[in-house]
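Biologist: Can we go through the charged contacts in this one? Please put it up first.

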Amino acid sequence: MATFTIIIPFYQREDGILRRALASVFAQSFQDFDVIVVDDQSPYPAEDELEPLAEGQRSRIAVVKQANAGPGGARNTGLDNVPAATRFAAFLDSDDLWTPKHLQNAHDALQTFDADCYWASIHGGEEFDYHFSIADLRASEKAARLSEHPLLLEIPDIAGVMLKNWAFLHMSCMVIGRPLIDKVRFDAALRLAAEDVLFFCDCMLAARRVLLCAEAGALRGEGINIFHGVDNDSPQFLKQQFITWMALDRLESRFSKRPQEIETIKAYKNRARKQALWSQVRLVRRRRLPDFQMLARWAWRDPALFASALQIAGGKLSK
């Protein structure tokens, strides 16, 4: 069996996006891999994308079809289909591109330092300027340098660091080993927000060792992305903030014995409440009805939403 299984969730509407991603896979300097493409009921079928590929490339790709379950559910399907003898699973979003040495850097780091969780940096355009390089963590965190070329870092409390700002992490730069492949899964219900962050945290907490590589492992693409167009005035914004709150609530349970991290998460949850409620206030100001059904669903799970709403009604919160 191959050393790596590459998991690509696929849901796109345009021809050529997946082929570009696969071209970057087959251009890797490390070639001991196979590929699982999970067709998440894509409007543009995965098979049509693969048809122009050479037979030698197509023979290394397994397509798994499923009813639409979102990116987390698709990645879970990929993990469930990783062959038992595969040592590492690498994730790649269908609209992203790998740099040529991504798998080689990951393999060398994981082998040399006996680790089972790895991230490289990601580069992107102006739309994704919220991402920052792993190299930036040298100045802000107590990071141990394990190698210089490429720069490889290890941070003792990486899960705590992630809570401050997880924008240095990306799915397309992540590689995991056994037993994480066997026991860690995405919460597929969190399909509008933060299912990747919860997965990152669970892997960090379960990993034997986590390594961070400053060299770029991927280039950010611009295919279908559920966050595009979901701004404060989008009909999806309230639902997105509710799912963000649910993800944070589940994340809070991971840090039940760490008061400082709990306070950080509570602040994030409160911000999600405030942003959600202000989006509904803006609807009222435009003489439109709030989404009472979603608000009731949220309040049933989170009674603190009532207190935030009363504060806004009383003019005690600033926009």
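Modeller: D15 is partly exposed, at 44% relative accessible area (buried is under 20%, exposed over 50%, partly exposed in between, with a 1.4 Å probe and protein chains only). The model is predicted, so local features need pLDDT of at least 70 and side-chain atom pairs pLDDT 80 or more, while totals for chains, interfaces and linings use all residues. Residues are numbered from 1 along each chain as its sequence is written, and side-chain values use heavy atoms, leaving out hydrogens and water.

Biologist: Which side chain does D15 meet in a salt bridge?

Modeller: R19, at 2.9 Å from N to O. A salt bridge here is a side-chain nitrogen of Lys or Arg within 4 Å of a carboxyl oxygen of Asp or Glu. R19 is partly exposed too, at 22%.

Biologist: How many salt bridges by that rule?

Modeller: The count is 24.

Biologist: What does D95 pair with?

Modeller: R220, with the closest N and O atoms 3.9 Å apart.

Biologist: Is D95 buried or exposed?

Modeller: D95 is buried, at 13%, and R220 is buried at 15%.

Biologist: And E261, what is its partner?

Modeller: R258, at 3.0 Å between the closest N and O atoms. E261 is buried at 13%, whereas R258 is partly exposed at 24%.

Biologist: Which residues are linked in a network?

Modeller: D249, E252, K266 and K269 are joined by salt bridges in a network.
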